[in-house]
Amino acid sequence: MAETRRRFDPDFRDGAVRIVEETGKPIAQVARDLGINPGTLANWVNMARKRKALAVGNGVLDADERAELARLRRENAELQMRCDVLKRSLVLWVTDTTR
């Protein structure tokens with residue numbers, strides 16, 4: 001016989017993960033209370049933690065990241081200046097050609 005898989009909506013998944021995170025109960029206990037497989041709940045919890053870590057990051061930049069950020073800021077400032085110069089020159093050109 002083929003085994004049918006139960007499907008859980010995202011709200012149920014988020015709620016189950018929130019229960020684990022907020023209560024501090026073991027995953028196995030929460031899974032048992034909700035009537036789901038502990039491995040499934042563990043996967044949901046791990047995915048949520050990874051998403052949260054990617055979204056937040058650790059907030060600290062290492063030396064390479066700081067150097068790259070400084071370089072990108074300098075490059076951005078230079079490109080903005082070039083863009084402003086081009087805009088001004090375009091305005092002057094249009095003004096001269098329409099006279």
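Reply: Happy to! Rings of Phe, Tyr and Trp (its six-membered ring) pair if their centres lie within 6.5 Å, with planes under 30 degrees apart counted as stacked, over 60 as edge-to-face and the rest as tilted. This is a predicted model, where local features need pLDDT of at least 70 and side-chain atom pairs pLDDT 80 or more, while totals for chains, interfaces and linings use all residues. Residues are numbered from 1 along each chain as its sequence is written, and side-chain values use heavy atoms, leaving out hydrogens and water.

Me: How many aromatic pairs does a search of the whole structure find?
Reply: The search covers the whole structure, and its count of aromatic pairs is three. In one of them, phenylalanine 8 and phenylalanine 12 sit 5.1 Å apart centre to centre, with 15° between the planes. That pair is stacked.

Me: Which kind of pair do phenylalanine 12 and tryptophan 44 form?
Reply: Helices here are DSSP runs (H or I, at least four residues), numbered from the N terminus. Phenylalanine 12 lies in helix 1 (residues 10–23) and tryptophan 44 in helix 3 (residues 38–56), so the pair ties together parts that are 32 residues apart in sequence. Their centres are 6.2 Å apart with 90° between the planes, which is edge-to-face.

Me: Is tryptophan 44 buried or exposed?
Reply: The cut-offs are under 20% relative accessible area for buried, over 50% for exposed and in between for partly exposed (1.4 Å probe, protein chains only). Phenylalanine 12, at 28%, is partly exposed. Because its relative accessibility is 6%, tryptophan 44 counts as buried.

Me: Which residues does valine 17 touch, not counting residues up to four places away in sequence?
Reply: Valine 17 is in helix 1, and its 7% relative accessibility is why valine 17 counts as buried. Contact means heavy atoms within 4.5 Å. By that rule, valine 17 touches Leu41, Trp44, Val45 and Ala48.

Methods: Helix = DSSP H or I, 4+ residues; strand = E, 2+ residues; numbered from the N terminus.
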